[in-house]
Amino acid sequence: MSADIAKLTVDDKAVDLTVKHGTIGPSVVDISKLYAQTGAFTYDPGFTSTASCESKITYIDGDQGILLYRGYPIEQLAEHGDFLETCYLLLYGELPTAAQKADFDYRVTRHTMVHDQMNRFFQGFRRDAHPMAIMVASVGALSAFYHDSTDISDPQQRMIASMRMIAKMPTLAAMAYKYSVGQPFVYPQNDLDYTSNFLRMCFAVPCEDYKVNPVLSRALDRIFILHADHEQNASTSTVRLAGSSGANPFACIAAGIACLWGPAHGGANEAALKMLEEIGTPDRIPHYIARAKDKNDPFRLMGFGHRVYKNYDPRARIMQKTTHEVLNELGIKDDPLLDVAVELEQIALKDEYFLEKKLYPNIDFYSGITLKAMGFPTSMFTVLFALARTVGWIAQWSEMIEDPSQRIGRPRQLYVGAPQRDYATVASRG
Ligand code: CMC
């Protein structure tokens, strides 16, 4: 492979493939003409070697443990920024000026209420419905309530749909929680910041005053920043693929939420906490480590490993610090789950199996402990992930829609089924 050309021979056909270079990170071999030139497809289940698009939004160096949003390191954004500023950055590519930030915050805040008929829509769910099921349905249902922002060819409608989803996601997430515990919905209060407003909608009740704890609000805001985008992961690729057909933005984000729900993706924070609870005490850790290493046991250490990070997930470091801040603020000195988590991490980080496979704690390892301490039930963890990731999905969806080279996503396959054969009538089937 020379600098800009890769040479490939398929059967007796030799082709030159263009090598494209990004700003940073690995180059890509452009195979878009490969089928036309050779009659062959590439084969890459799980897309481990496939770049599906060009993007200017997020960069990950998995070997170094680096995550950048629009070029800015996640550590700096989490330390100095706030979530809405991060939303602006992801959507528009630059950090906002003070005036731009004030205007953006105002526009998001003015969209926080949901159509009042949504309240009745919620009554159709069973009380024990998983809140992620409610989120998939209610975000999809936004397209039935807001027809005036579903025309994707109109930039103004796209912008309004984006604002609506970023603003309404906390309201819907809080409603899903309130519904599950049988408490009345709490309307947004727009003089509060985004994250404080969300905490209030979740935990306030009409019969008492509710004061937002600024330390918890700041910690949750940071958790939102950490989850805001993560380049072409499964749910983001789902949003892009759904959007490539021209589907409306609410439907696309609902598709992303559905994909996020799985335990290998966003559902891992819920699964990680359940695992820590199941382990229970540090003395039981070796048994679970042995199970994780056993090829015949499907058990995996949840919150460990990542398709891209083959080093410590940079978000996990910030998350771990945030966990301690939250537990300190709440005066939780001895949390048995934290004891198990700290010990498990130490043991796994020294174990040959995990070292060799480069399995490090990911963001979900510590987030469950933090969210639980804040008062969120386990079933809400992935909902909070979805809330924060919505802006990333929208930024990636917008980038795709605005890309002139965008076409419907349509992978091919290696067919291994029966060759062509003739239909046989029932009577003649032996
Ligand atoms: N515990 C034990 N072994 C593991 C684990 C784990 N958590 N993760 C991977 N392995 C092993 C796996 O068995 C395989 O071994 P071998 O090569 O001997 O067959 C090897 O490591 C590679 O695993 P893989 O499944 O081929 O890797 P992947 O890139 O397809 O999967 C993953 C990545 C995140 C799905 C996987 O590591 C996993 O299931 N982790 C637990 C779930 C989890 O924490 N997910 C959250 C990811 S971060 C948040 C997000 O982005 O959604």
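**Pockets, cavities, helices and sheets**

Biologist: What volume does the second largest pocket have in this model?
Modeller: The model is predicted. In it, the second largest pocket has a volume of about 280 Å³.

Biologist: Which residues lie closest to the centre of the second largest pocket?
Modeller: The pocket is lined by 21 residues. Among these, the closest to its centre are Leu 84, Leu 192, Asp 193, Tyr 194 and Thr 195.

Biologist: Which helix gives the most to the lining of the second largest pocket?
Modeller: Several helices take part. H3 (83–92), H4 (98–109), H7, H8 (194–203) and H9 each supply at least two lining residues. With 5 residues, the one that gives the most is H8.

Biologist: How many residues in the lining of the second largest pocket are charged?
Modeller: The lining divides by class. There are 8 nonpolar and 7 polar residues. The number of charged residues is 6.

Biologist: How many cavities of 30 Å³ or more does the structure hold, and what is the volume of the largest?
Modeller: The structure holds 2 cavities of that kind. The volume of the largest cavity is about 100 Å³.

Biologist: Which helix gives the most to the lining of the largest cavity?
Modeller: This cavity is lined by 13 residues, and Thr 171, Met 175, Phe 185, Val 186 and Tyr 187 lie nearest its centre. By class, the lining has 9 nonpolar, 3 polar and 1 charged. The most, 4 residues, comes from the helix at residues 155–181, H7.

Biologist: From which helix does the largest share of the lining of the second largest cavity come?
Modeller: This cavity has a volume of about 40 Å³. H9 (214–227), H17 (363–374) and H18 (381–402) each supply at least two residues of its lining. The largest share is 4 residues, and it comes from H18.

Biologist: How many charged residues does the lining of the second largest cavity have?
Modeller: The lining includes Ile 223, Phe 224, His 227 and Asn 269. By class, 7 of its residues are nonpolar and 3 are polar. The charged residues number none.

Biologist: Are H7 and H18 roughly parallel or roughly antiparallel?
Modeller: Look at the axes. They come within 9 Å and cross at roughly 170 degrees. An angle over 145 degrees counts as roughly antiparallel. Therefore H7 and H18 are roughly antiparallel.

Biologist: How many residues in the contact of H7 with H18 are nonpolar?
Modeller: From H7, the residues that meet H18 include Met 165, Ile 166 and Met 169. From H18, Leu 387, Val 391 and Ile 394 are among the residues that meet H7. The contact has 3 polar and 2 charged residues. The nonpolar ones number 11.

Biologist: Why is one side of strand E1 left without a neighbour in the sheet?
Modeller: The open sheet has 3 strands in the order E1-E2-E3, with antiparallel pairing. E1 (5–10) and E3 (28–29) stand at the edges. One side of E1 is left without a neighbour because E1 has a single partner strand.

Biologist: Which residue in E2 is the bridge partner of Val 10?
Modeller: E1 pairs with E2 (residues 13–20) in the antiparallel sense over 6 bridges. In E2, the bridge partner of Val 10 is Lys 13.

Biologist: Which residue in E6 is the bridge partner of Leu 68?
Modeller: Another open sheet of 3 strands runs in the order E4-E5-E6. E5 (residues 66–69) pairs with E6 over 2 bridges, in the antiparallel sense. In E6, the bridge partner of Leu 68 is Pro 73.

Key
Residues are numbered from 1 along each chain as its sequence is written. This is a predicted model: local features need pLDDT of at least 70, side-chain atom pairs count only at pLDDT 80 or more; totals for chains, interfaces and linings use all residues. Side-chain values use heavy atoms; hydrogens and water are left out. Two strands pair if DSSP finds at least two bridges between them. On a 1 Å grid over the protein atoms alone, a cavity is a set of points where a 1.4 Å probe fits but cannot get out, and a pocket is an open set with protein on both sides within 12 Å along at least five of seven lines; lining residues have an atom within 4 Å of a point. Grid points are joined across faces, edges and corners, and a volume is the space filled by probe spheres set on the points. Ala, Val, Leu, Ile, Met, Phe, Trp, Tyr, Cys and Pro count as nonpolar, Asp, Glu, Lys and Arg as charged, and the others, Gly among them, as polar. Axes are lines fitted to C-alpha atoms, for helices over the stretch in contact, and angles run from 0 to 180 degrees between N-to-C directions. Angles under 35 degrees count as roughly parallel, over 145 as roughly antiparallel, 65 to 115 as roughly perpendicular and the rest as oblique. Contact means heavy atoms within 4.5 Å.
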